[in-house]
There are 2 protein chains.
Amino acid sequence: MEQPDVSELTPPQRTLMGPGPSDVHPRVLRAMSTPLVGHLDPAFVDIMDEVQELLRYTFQTDNDWTIPVSGTGSASMETAFANLTEPGDTVLVPGNGYFGERMASMVRRAGGEPVFVDAPWGEPLDPDDVAVAFDRHQPDLFGFVHAETSTGVLQPDVPELTTIAHEHDALVVADCVTSLGGVALRVDEWDVDVAYSGPQKCLSCPPGASPLTLSDAAVERVFDRETPVRSWYLDLTELGGYWGEERTYHHTAPITNVYALREALRLVAEEGIEQRWERHERVAGALRAGVESMGLELEPEPECWLPSLNAVRLPENVDDSAVIDHLLSVYDIEVASGLGDLAGEILRIGCMGYSARPTNVVSLLAALGDALEAQHVDVDARAGVGAAMERL
Amino acid sequence: MEQPDVSELTPPQRTLMGPGPSDVHPRVLRAMSTPLVGHLDPAFVDIMDEVQELLRYTFQTDNDWTIPVSGTGSASMETAFANLTEPGDTVLVPGNGYFGERMASMVRRAGGEPVFVDAPWGEPLDPDDVAVAFDRHQPDLFGFVHAETSTGVLQPDVPELTTIAHEHDALVVADCVTSLGGVALRVDEWDVDVAYSGPQKCLSCPPGASPLTLSDAAVERVFDRETPVRSWYLDLTELGGYWGEERTYHHTAPITNVYALREALRLVAEEGIEQRWERHERVAGALRAGVESMGLELEPEPECWLPSLNAVRLPENVDDSAVIDHLLSVYDIEVASGLGDLAGEILRIGCMGYSARPTNVVSLLAALGDALEAQHVDVDARAGVGAAMERL
């Protein structure tokens with residue numbers, strides 16, 4: 001076979017304002033070029049401890065079982081559902097976005113039966129509907145999405161939801177992929193049993209090692225399983241030996257991704273988690289004000305606005321992919337289209353982590369104005385930029 | 001909660017001569033500090049194509065389905081077994097090392113029944129035993145380990161094994177974790193249906209995106225499944241949309257790990273795959289000669305010697321962990337102990353990828369001599385270094 005001739009890696013320099021990945025902080029990029037130690041090296045064990053401590057702070061939890069899962073966000077998601085679901089279990093999942101359907105698929109593969117609590121795409125779950133669904137289905141587990149990446153909707157009333165679940169002896173799994181490190185999230189105070197996330201959203205870390213935390217009650221349920229978890233790779237009862245006291249070998253950890261996550265979480269700790277939530281609200285608030293001043297609408301109601309992911313409704317008859325291509329090809333800015341019920345109707349504009357900076361907001365607004373004008377939409381980009389600057 | 005105070009990342013500078021990870025080439029480390037593009041960016045699609053082409057060359061295959069799986073080596077391993085095993089299937093796996101037992105666990109979780117073909121730990125499978133096991137169990141799938149990381153044994157006679165399997169209408173899965181890029185492996189010529197590997201062994205790339213290749217027959221079996229794969233994350237029928245023609249979203253790829261793998265595979269192509277196999281044989285041959293000149297024995301017979309992982313039998317009454325600690329704490333060199341049946345009896349000394357360099361061999365031999373002398377073993381380290389240098 002002939003040797004392939006592949007040139008040096010020179011990807012374009014993008015500004016990542018889509019639903020993730022976000023721009024990675026230069027310190028995190030540098031951490032990734034650190035030479036490796038072995039995954040069982042005593043020095044790596046210390047690094048594991050530090051990452052766990054930093055993750056606990058970021059999740060606002062004291063949970064012992066707080067680890068990075070060796071895969072991208074969907075791996076931490078499936079770790080949660082595959083470990084907490086046994087064959088025959090009933091699991092309540094949301095019908096108001098893309099990721100509820102993914103939860104259902106994972107539950108089915110684990111041998112469980114998903115049942116749905118519905119709300120329109122672009123709206124949060126109503127606690128009353130959740131209570132009705134609990135009375136009707138008596139689920140063993142309840143999964144909800146704290147920050148729905150497909151619709152830009154933040155689920156308010158989390159403590160209300162967890163209270164309903166616990167009154168019905170169910171455990172709660174929260175999808176925090178787009179909230180961790182960017183939007184107020186208090187795992188312990190809100191009584192969330194299991195929360196998972198990805199590193200490439202508000203933590204601004206490359207994907208590959210994904211945060212997961214489990215309460216003692218959740219860990220107990222996992223270790224009391226009657227059947228083995230259906231994935232060896234994601235089995236927490238096996239992983240516990242590696243991340244727990246014993247430090248026994250299970251699989252090779254993605255060492256460099258753990259280095260990167262450590263540095264990304266150090267940046268969270270240096271900024272302060274509450275200050276970081278405030279920054280996201282301020283910078284995304286400027287984006288929101290700018291978009292609205294241009295005569296465009298944000299999809300969700302203000303009380304469930306998700307600063308880290310802004311769903312901007314497109315004017316009628318605008319081709320979303322033409323706008324997205326214009327932003328990428330002319331300005332090197334990445335944003336994304338809608339998914340599912342909102343496909344073709346919205347743009348998803350991220351404002352996450354290191355991407356959540358004033359310079360990105362003003363350049364995005366100007367570029368968006370240009371892209372819409374190219375589609376013959378009459379928008380006032382100057383007014384948008386001006387309104388944003390007033391907030392920054 | 002108080003903000004954790006974690007200092008800058010400064011791991012010790014090790015020389016990695018254990019069973020993996022190996023030392024990462026500086027060019028690969030630099031590639032990892034490249035800013036990210038999105039996982040659906042047209043530029044990333046081109047990068048995916050290049051990685052696939054480079055992987056095909058390294059596996060010596062024309063298989064369309066040649067991809068990096070988004071996890072460490074055990075994820076590509078489970079992707080193979082979880083996709084190729086349906087509930088009720090019989091899967092023949094080897095009993096001569098640690099990783100056959102892992103295969104069995106994965107098969108059970110997928111709903112299949114593992115049956116074993118045995119050989120002592122430290123010896124390869126005998127094709128006659130494999131034929132007998134096939135006649136007896138009529139398995140649907142046969143997994144074997146091309147390069148057994150736990151024992152340092154190379155499985156010879158691969159074409160004989162695949163012929164037996166195909167005569168019985170079974171497909172063959174080869175564990176190439178410690179052979180890919182370091183030891184002769186010809187997937188197409190040897191008629192292997194599925195081969196998987198990890199990047200952190202002979203490819204000298206950080207773990208996180210793991211090579212997998214499937215023949216058309218294997219892909220057909222996956223797409224003809226009657227039941228869904230029991231892991232959503234590892235389901236190839238879903239992943240096919242992302243890595244195939246359509247490029248649809250499944251999960252976020254570990255972008256930086258794909259960058260790193262691309263650079264590591266470029267180094268393979270630049271060196272030439274056969275030249276790379278020869279280098280491993282030459283450099284590990286020097287290590288072998290050195291060890292033997294010091295009066296120590298390599299575990300496997302010469303015909304199943306695995307250059308990338310050398311199982312050195314320790315003299316009686318030597319504490320393996322004291323030797324390992326001495327090498328790490330005094331010389332910053334990582335080697336590993338034996339596993340399973342060989343625990344306490346061998347040292348596992350890797351000679352993989354960028355770690356397979358003359359300078360590492362001579363320093364390891366000198367350091368090993370010192371560590372053994374500290375254990376009151378009378379060895380001639382000078383003779384070992386001298387014998388190695390003659391071969392280098």
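How many residues of strand 2 (residues 65–69) of chain A are buried? The model is predicted, and local features need pLDDT of at least 70, side-chain atom pairs count only at pLDDT 80 or more, and totals for chains, interfaces and linings use all residues. Residues are numbered from 1 along each chain as its sequence is written, while chains are lettered from A and ligands numbered from 1 in the order in which they are written.

Strand 2 of chain A is mostly covered, with 5 of its 5 residues buried. A residue is buried if 20 or more other C-beta atoms lie within 10 Å of its own, exposed if 12 or fewer, and partly exposed in between, with C-beta atoms placed from the backbone. A:Trp65, A:Ile67 and A:Val69 point one way from the strand. A:Thr66 and A:Pro68 point the other way. Strands (E, at least two residues) and helices (H or I, at least four) are DSSP runs, numbered from the N terminus. Strand 2 runs antiparallel to strand 10 (residues 210–214) of chain A, and 5 bridges join them. A:Ile67 has A:Leu212 of strand 10 as its bridge partner.

Chain A is assigned two domains, domain 1 (26–270) and domain 2 (273–391). These bounds come from an automatic or database domain assignment. The domain centres, taken over C-alpha atoms, are separated by 28 Å. Domain 1 brings 26 residues to the contact and domain 2 brings 24. Two residues are in contact if their C-beta atoms, placed from the backbone, lie within 7 Å. On the domain 1 side, helix 2 and strand 7 (153–154) each supply at least two residues. That side divides into 13 nonpolar, 12 polar and 1 charged residues. Here Ala, Val, Leu, Ile, Met, Phe, Trp, Tyr, Cys and Pro count as nonpolar, Asp, Glu, Lys and Arg as charged, and the others, Gly among them, as polar.

Two strands pair if DSSP finds at least two bridges between them. Strand 11 and strand 12 (residues 309–313) pair over 2 bridges. A:Glu297 has A:Arg313 of strand 12 as its bridge partner.

How do the two chains relate?

Between the chains, 66 residues of chain A are in contact with 65 residues of chain B. Helix 9 of chain A gives the largest share of the chain A side, 8 residues. By class, that side has 30 nonpolar, 23 polar and 13 charged residues. The copies meet through the same surface, because 98% of the interface residues of chain A are also interface residues in chain B.
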